[in-house]
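Hi there,

Here is the structure I promised to pass on to you. Have a look at it first, and then read my notes below.

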Amino acid sequence: MLNTQKILDRAVLGEQISEEECNFIYRGASLGQLASAADSIRKRLNPAETVTYLIDRNINYTNVCDTACKFCAFYRPYGHKESYILSREILAQKIEETLEIGGTRILMQGGHHPDLRLDWYQDLLTWIREKYPKIQTDCFSPSEIDNICQIENKSAYYVLSALKDAGLMGLPGGGAELLDDRIRSRVSPKKISGERWIEIMDAAHSLKLATSASMVIGFGEKDENRVRHLTMLRDQQKKAKERGDFGFIAFIAWTLQHEQTALGRQSINRGLLGSGANEYLRNLAISRIYLQNITHMQSSWPTQGYKVAQVALEFGADDFGSTMMEENVVSQASTKTQQKVQVEEILSLVQEAGFQPRQRNTWYQIVA
Ligand code: SF4
């Protein structure tokens with residue numbers, strides 16, 4: 001007979017709980033029980049008094065995409081009058097602005113452009129490495145890598161090796177949403193499967209690229225779909241670590257912003273979409289309890305706002321995420337999203353929550 005508190009007590013001591021047990025506590029535990037267990041685990045894995053943050057910039061190099069995910073308000077079809085590929089001039093300006101405020105990373109993602117060949121991405125990375133040697137490049141989520149694989153008819157390992165040689169340092173965790181194909185087939189039927197997402201991350205892990213894992217909730221899914229997602233991440237992390245790789249450095253969950261998307265417009269019962277603060281915090285705490293082989297967890301201010309992001313620091317998060325400076329995929333889907341956060345604001349928000357803010361790099365090394 002399963003017992004909620006006993007399961008949580010074992011997890012706090014570092015024991016890996018089963019998928020069945022995780023499903024049981026997802027609803028069976030109170031928010032207070034989950035917060036208490038998640039906070040204990042967070043303090044065991046990371047310095048209790050410190051909350052880290054990253055100064056970086058999200059750059060969306062192209063909005064051309066042929067995948068038409070129903071939750072995406074960012075993409076434009078090929079040939080659309082609003083479609084773009086950023087010029088080197090604009091990219092240079094964005095990177096220089098990032099460096100000016102002490103930024104250490106650019107996170108570059110875009111749509112699945114059907115014309116861009118592998119050498120286009122290689123040239124881009126080489127140009128950045130030569131012109132801006134101090135900037136970390138975490139670029140191209142697994143679904144973009146798969147797009148290059150399809151265009152070139154090459155394996156993920158081949159494409160990632162070539163990109164790494166050209167200067168790629170890491171891969172963002174985007175495109176995971178929920179890895180359970182029962183959800184993917186409904187909201188993003190043309191996107192890569194959950195298994196393929198993991199396969200590409202596995203290749204990235206074996207190449208020692210910096211990677212993160214992400215999760216989006218609020219598609220009208222069941223708890224078991226969420227837990228399946230977490231199990232797939234946990235299994236991949238176990239595999240990578242057993243091989244001696246770093247695996248995922250961090251995990252971040254956020255909530256679907258569906259207001260201006262096809263999914264929001266088409267859904268008969270829109271009340272099932274999205275998630276409030278309570279559900280976000282419950283999911284974060286469950287993630288901290290279940291994914292103990294991923295060291296760091298971020299709170300999500302862009303989708304939840306500053307106040308909930310502060311509370312998330314008591315629900316398992318040890319990192320306030322990044323400044324981002326600009327973000328288009330999430331922000332174009334929501335009128336509520338705050339598009340810019342100043343570094344000073346993050347510092348005071350973390351301090352106000354009772355922690356010492358520390359600037360980090362992609363690898364979670366303290367830089368200031
Ligand atoms: S989420 Fe990404 S893959 Fe899906 S339509 Fe938008 S840009 Fe394309």
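Does Ala368 count as buried or exposed? With 10 C-beta neighbours inside 10 Å, Ala368 counts as exposed (12 or fewer other C-beta atoms within 10 Å means exposed, 20 or more means buried, and in between is partly exposed, with C-beta atoms placed from the backbone). Ala368 lies in the segment after strand 10 (356-360).

A word on the model: it is predicted, so local features need pLDDT of at least 70 and side-chain atom pairs count only at pLDDT 80 or more, while totals for chains, interfaces and linings use all residues. Residues are numbered from 1 along each chain as its sequence is written. Helices (H or I, at least four residues) and strands (E, at least two) are DSSP runs, numbered from the N terminus.

Next, strand 2 (residues 56-60): 4 of its 5 residues are buried. Strand 2 pairs with strand 3 (residues 105-109) in the parallel sense, over 5 bridges (pairing takes at least two DSSP bridges). One of the residues involved is Arg57, whose bridge partner in strand 3 is Ile106.

Now helix 9 (residues 194-206). Its 13 residues should span 18 Å at 1.5 Å a residue, and its end C-alpha atoms are 19 Å apart, which agrees (the expected span is 1.5 Å times one less than the number of residues). Among its buried residues are Trp197, Ile198 and Met201. After helix 9 comes Lys208, with a positive phi near 60°.

Enjoy exploring!
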